[in-house]
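Open the model in your viewer and keep the selection panel at hand. The stops below go from the whole chain to single residues.

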Amino acid sequence: MTAAQRLYCLGPLVVMAAIFVTSSLSGTAPASPLLLVSASLSNFAHIPAYALLGASLCLALPRYRGWPMAALALALTFGYGVLDEWHQSFVPGREVSGPDLLRDVLGGCIGIGLMRRQWAAGRRSTDCYQAVEKLFSTAW
């Protein structure tokens, strides 16, 4: 495994960890400047978070090409969304929400679609691998 591939594999893990930490925050926590975001705005935060997860999964999958890999990235994004909703059922003040899961899937579709569009425009994943590998080749 090259340095770029190792770096790309860390992306989804970092995004998943960030989602896990934020979904672990209790819904009954005392107000703080960080938690002053309205409920409707925080609900839509699912979309960019899962778009980032979907895009990072595209980079992590080996030689991302075609719809089968897009379907795999979407299935993994959906699966993590299901696990996240299940995890929230154990957090005080949080609950399982079907609309949240739909926002997760929508975000995943957006992230995967943007990656497919970028690569269709001529910037292939192998070029990304080579650029990151060149950048970090001395670090690994």
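The tour starts with the overall fold and then moves to selections, one at a time.

**Before selecting**

This is a predicted model, in which local features need pLDDT of at least 70 and side-chain atom pairs count only at pLDDT 80 or more, while totals for chains, interfaces and linings use all residues. Residues are numbered from 1 along each chain as its sequence is written, and side-chain values use heavy atoms, with hydrogens and water left out.

**Whole chain**

Show the cartoon. The protein has six helices and zero strands; helices (H or I, at least four residues) and strands (E, at least two) are DSSP runs, numbered from the N terminus. Of the 140 residues, 32% count as buried. Buried means under 20% relative accessible area, exposed over 50%, and partly exposed in between (1.4 Å probe, protein chains only). The accessible surface comes to about 8400 Å², and 72% of that surface belongs to carbon and sulfur atoms. These areas come from the Shrake-Rupley method with a 1.4 Å probe; for residues, only the protein chains shown count as cover. Contact means heavy atoms within 4.5 Å. Among contacts between residues at least 6 apart in sequence, 80% join residues at least 24 apart.

**The core**

Select Ile-19, Leu-53, Cys-58 and Ala-73. Of the 14 residues in the largest nonpolar core, these four touch the most other members. Two or more core residues come from each of H1, helix H3 (46-60), H4 and helix H5 (98-120). Which helix gives the most to this core? H3 does, with five residues. A nonpolar core is a set of buried Ala, Val, Leu, Ile, Met, Phe, Trp, Tyr and Cys residues joined through side-chain atoms within 4.5 Å. In soluble globular proteins, nonpolar side chains tend to be buried together.

Now center on Leu-53. Setting aside neighbours within four places in sequence, Leu-53 is in contact with Pro-12, Val-15, Met-16, Ile-19, Thr-77 and Tyr-80.

Next, go to Leu-59, also in helix H3. Leu-59 counts as partly exposed because its relative accessible area is 21%. Its C-alpha atom is 9.8 Å from that of Ile-112, 53 residues apart along the chain.

Select Leu-10, Leu-13 and Val-14, which make a nonpolar surface patch of about 280 Å². Patches are made of residues with over 30% relative accessible area and no salt bridge; like charges are joined within 9 Å, and nonpolar side chains (Val, Leu, Ile, Met, Phe, Trp, Tyr) within 5 Å. Leu-13 sits in helix H1 (residues 3-23) and counts as exposed because its relative accessibility is 54%.

**Charged side chains**

Select Asp-100 and Arg-103. Their side chains meet in a salt bridge (2.6 Å, N to O), and the structure holds one such bridge. A salt bridge is a side-chain nitrogen of Lys or Arg within 4 Å of a carboxyl oxygen of Asp or Glu. Both residues lie in helix H5, three residues apart, about one turn of the helix, and both are buried.

Finally, select Glu-85 in helix H4 (residues 66-88). Glu-85 is buried yet has no salt bridge; the nearest side chain of opposite charge, Arg-94, is 6.8 Å away. Lys and Arg count as positive and Asp and Glu as negative, with His and the chain ends not counted. Beyond four places in sequence, the contacts of Glu-85 include His-46, Ser-97 and Asp-100.
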